[in-house]
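Have the sequence and the coordinates open as you read.

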Amino acid sequence: MIIAEQKPLEELKTLIGDAKKVLVVGCGTCVTVCFAGGAREAAIVSSSLRMATKLNGDSKEITDFTVQRQCEWEYLDQLTEPIENVEVILSLGCGIGVQAIAEHFPSKWVVPGLNTKFLGLPIEQGVWSERCAACGDCILGITGGICPIARCSKSLLNGPCGGSENGHCEINPEVDCAWQLIYDRLSSMGKLDVLLEIQPPKNWQTSRDGGPRKIVREDLRLGSKEEI
Amino acid sequence: MSAKRRVTYIKDLLAKIGLEPERVQMFQMSSAQAAQFAEAARQMAGQIEALGPSPLRMKDKLLDEKQVEE
């Protein structure tokens, strides 16, 4: 899932600027699970900003509203009424959510309340770790389910760099050497021969390197040729 | 343990908002420790008296006075 972190309160105050009416919008999906932008966080941010701006002698009307997901138009339709007289929308969604709100309500100024960090999972309560770089051409089938692009500091594909020490990365000793993990896993499953198969150079065009990406599924589109 | 974490979080949040973190305190004791409870209550009351009314309430009071003048 998408992992994000709340921006500092001082930065949020700067982002809402002189606006007198602000709506804080929470998101009920990824950012709820990583405790950054869910309903509770939206209420806390809303309340904190009301208090902080009041102490500065700049009282504002700040309310909050949470939708199930900020990345789908149908859920954003629920915001039509709450944003009517609002000057600034402070989105506690990931970068996708912020942009979706801006696109769906082009006359409204939308600012981000979070910093979207990475795609990952909680390895324990309160600790999230990166697992996927969304490269667009998944090779997990030949690396034992461990991604060298997301988990290797250098995103190496040919094996370890030789700098690892006791299974830890030379760049950041707190990071496990991804290739050590890959080797150990394949070895434990008796599949080390997978590493001996020659692989062609990776086509990075499917990754962010190839520019903004899009998927079109004609079989799912409404009014598509298939339907006709 | 959970309460202590929450109190720490709230103190941090109050400081960021601009309020005094000392307005929230945690005291640990059992329900049988009446004397300690009384002492904690006395201590907290003294703390709050020293800090004075909440700045937010003072802002409300100033705003009301301004509106009356207008």
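## The nonpolar cores

In this predicted model, the largest nonpolar core has 39 residues, and Val24(A), Val25(A), Val31(A) and Ile89(A) are those with the most contacts inside it. In soluble globular proteins, nonpolar side chains tend to be buried together. Which residues touch Val25(A), leaving aside its neighbours within four places in sequence? Its contacts include Ala42(A), Phe65(A), Val67(A), Leu79(A), Ile89(A), Leu92(A) and Ile101(A). Thr66(A), Gln70(A), Ser91(A) and Gly93(A) are also among the contacts of Val25(A).

There is a second, separate core of 9 residues. Among its members are Ile146(A), Cys147(A), Cys177(A) and Trp179(A).

## The parallel sheet

Now for the sheet. Chain A has an open sheet of 4 strands, ordered E3-E2-E4-E5 and paired in parallel. Strand E3 (61-67) and strand E5 (109-112) of chain A are its edges, each pairing on one side only. From one strand to the next, the twist averages 25°.

Strand E2 (21-27) of chain A is mostly covered, with 6 of its 7 residues buried. On one side, E2(A) pairs with E3(A) in the parallel sense over 7 bridges, and Val24(A) stands opposite Asp64(A) in E3(A). E2(A) is also joined to E4(A) by 4 bridges, again running parallel. Here Val24(A) has Leu90(A) as its bridge partner in E4(A), while Val25(A) stands opposite Ser91(A).

Strand E4 (residues 88-91) of chain A pairs in turn with E5(A), in the parallel sense and over 4 bridges. Which way do the residues of E4(A) point? Val88(A) and Leu90(A) point one way and Ile89(A) and Ser91(A) the other way, and all are buried.

## Helices on the sheet

Helix H3 (residues 39-55) of chain A lies across E2 and E3 of chain A, running at about 175° to E3(A). Helix H5 (residues 95-104) of chain A packs on the sheet too, where it touches E2, E4 and E5 of chain A. The direction of H5(A) makes about 175° with that of E5(A).

Ala42(A), a contact of Val25(A), falls in H3(A), which spans residues 39-55. Ile101(A), another contact of Val25(A), falls in H5(A), which spans residues 95-104.

## The antiparallel strands and a hairpin

Chain A also has antiparallel pairings. Strand E1 (residues 2-6) of chain A is joined to strand E6 (residues 114-124) of chain A by 5 bridges, and the two run antiparallel. Gln6(A) has Leu114(A) as its bridge partner in E6(A).

E6(A) is also joined by 5 bridges to strand E7 (residues 127-132) of chain A, and these two run antiparallel. One facing pair is Leu121(A), which stands opposite Ser129(A) in E7(A). E6(A) and E7(A) form a hairpin with 2 residues between them, and Gly126(A) in the turn has a positive phi of about 90°.

## Two loop residues to look at

Most residues other than glycine have a negative phi. Ala134(A) is not a glycine, yet it has a positive phi of about 50°. Ala134(A) is in the loop between E7 and helix H6 (148-151) of chain A.

Ser155(A) is not a glycine either, and its phi is positive, at about 55°. Ser155(A) lies in the loop between H6 and helix H7 (178-188) of chain A. It counts as partly exposed because it has 15 C-beta neighbours inside 10 Å.

## Domains and the partner chain

The domain assignment of chain A gives domain 1 (2-117) and domain 2 (136-210). Taken over C-alpha atoms, the centres of domain 1 and domain 2 of chain A are separated by 38 Å.

The contact between the chains takes 7 residues from chain B and 6 residues from chain A. Helix H1 (2-17) and helix H3 (55-69) of chain B are the elements that give two or more residues to the side of chain B that touches chain A. By class, that side of chain B has 4 nonpolar, 1 polar and 2 charged residues.

Methods
Residues numbered from 1 in each chain as written. Chains lettered and ligands numbered in written order. Predicted model: local features only at pLDDT ≥ 70, side-chain atom pairs only at ≥ 80, totals over all residues. Pairing = 2+ DSSP bridges. Axes fitted to C-alpha atoms, helices over the stretch in contact; angles between N-to-C directions. Contact = placed C-beta atoms within 7 Å. Nonpolar A, V, L, I, M, F, W, Y, C, P; charged D, E, K, R; others polar. Domains from an automatic or database assignment. Core = buried A, V, L, I, M, F, W, Y, C linked by C-beta atoms within 7 Å. Buried ≥ 20, exposed ≤ 12 C-beta atoms within 10 Å, placed from the backbone.
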